[in-house]
Amino acid sequence: MKEPPKALRSTFEALRTLYQRRWLLWYMIQRDVSKSYRGSVLGFAWAFLGPLLLIALYTIVFSKILGFRFHPVAGDPSLNFGLYLYCGLIPYQMYANTLNSATGIIQSNSMLVKKMVFPTEILPFVSATSTLAERLFELVVLLALLVAFGHPPGWTIALLPAIFVIQLLFILGLSYLFSVIGAYLPDIKETVRSIVRASFFVTPVIWPADKAKGVFHYIVSLNPIAYFVEAYRDLIISHTLPGAIPTLGFTVFSILLFAGGLMLFVRAKHRFPDLI
């Protein structure tokens, strides 16, 4: 029987390593999440207080001072623009934080990378899933506030874990891909930060997607971050389902990005100790 290509075997070996070292993954994810709140008086409570303060700030600035009223919000008096905005920011921040940290992850963990026994494929995985875990706290706060404002989630919220899985594959793919690029081109960090900032303006976080017209509409429709922002709002706020064709398309894209990113990482990781 013909053996699969070496690149494919190495990728499956990396996946098996991630599974076998799941105890290490869990430990490092817990360490990363708790690190954010270490040293503060209220500690872990900030995981919930931080989002609460931000939503209050967005509500005061956009709803009360600037008087923003977009159609999805204006149609429901129980829902303010602060909640609508924050619902879009959660998936956007997952992408932005993952991409910004991925480019420097090999350099910032140089001691671990130089140890031959340490499985480096764990590092991008921990970075991406830690970001996802922190956003889950924000999601809990958002859902609690929606209930408090008389706008409880509908049955569509049950489908949110499926979007989470697709998004996890997407940000894992980005994390593996840009950790390799960052290892070979350390100066690309600032360029990536600029790209992340620019992508905010082509993502319907602060404006509704139906405002995009012409070529801009085409760009937004191909933007994976825009898809996730709209999917979150559909399932949580509008109680509707995301489009079937975009969901299928971005699912396939996320799987391919994850497989391609991991395969590239496995192929390149042996050179990392020489690059730092």
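I count a residue as buried under 20% relative accessible area, as exposed over 50%, and as partly exposed in between. The model I am reading is predicted.

**Helix 1**

I looked up Glu13 first. Glu13 forms a salt bridge with Arg16, and the closest N and O atoms are 2.6 Å apart. The two residues are three apart in helix 1, which means that about one helical turn separates Glu13 from Arg16. Arg16 has a relative accessible area of 46%, so I list Arg16 as partly exposed too.

I then turned to Leu8, also found in helix 1 (residues 6-20). At 33% relative accessibility, Leu8 goes down as partly exposed.

**Other salt bridges**

My count of salt bridges is seven. Arg193 pairs with Glu190, with 3.7 Å between the closest N and O atoms. These two are three residues apart in helix 10, so about one helical turn lies between Arg193 and Glu190. I note Arg193 as partly exposed, at 31% relative accessibility.

In helix 12 (residues 224-238), I found Glu230 and Arg233 three residues apart, about one turn of the helix. Their side chains meet in a salt bridge at 3.9 Å, N to O. Is Arg233 buried or exposed? Arg233 has a relative accessible area of 2%, so I mark Arg233 as buried. Glu230 has 24% and is partly exposed. Elsewhere, salt bridges that share partners join Glu134, Arg135 and Glu138 into one network.

**Glu121**

I checked Glu121 in the loop between helix 7 (110-113) and helix 8 (122-148). Glu121 has a relative accessible area of 2%, which is under the 20% cut-off, so I record Glu121 as buried. Beyond its neighbours within four places in sequence, Glu121 is in contact with Ala14, Thr17, Leu18, Tyr176, Phe265 and Lys269.

**Nonpolar core**

The largest nonpolar core holds 73 residues, and Tyr95, Leu142, Ile163, Tyr232 and Ile236 touch the most other members. Which helix gives the most to this core? I found that helix 5 (residues 81-102) does, with 14 residues. I looked at Ile236 in particular: leaving out residues up to four places away in sequence, Ile236 touches Cys87, Leu139, Leu142, Leu143, Leu146, Pro153, Ile157 and Leu160.

**Phe200**

I placed Phe200 in helix 10 (residues 188-201). Phe200 touches Leu89, Tyr92 and Val205, not counting residues up to four places away in sequence. Phe200 and Tyr92 are 108 residues apart in sequence, with 7.9 Å from C-alpha to C-alpha.

Methods: Residues numbered from 1 in each chain as written. Predicted model: local features only at pLDDT ≥ 70, side-chain atom pairs only at ≥ 80, totals over all residues. Heavy atoms only, no water. Core = buried A, V, L, I, M, F, W, Y, C linked by side-chain atoms within 4.5 Å. Buried < 20%, exposed > 50% of the residue type's maximum accessible area, 1.4 Å probe, protein only. Helix = DSSP H or I, 4+ residues; strand = E, 2+ residues; numbered from the N terminus. Contact = heavy atoms within 4.5 Å. Salt bridge = Lys/Arg side-chain N within 4 Å of Asp/Glu carboxyl O.
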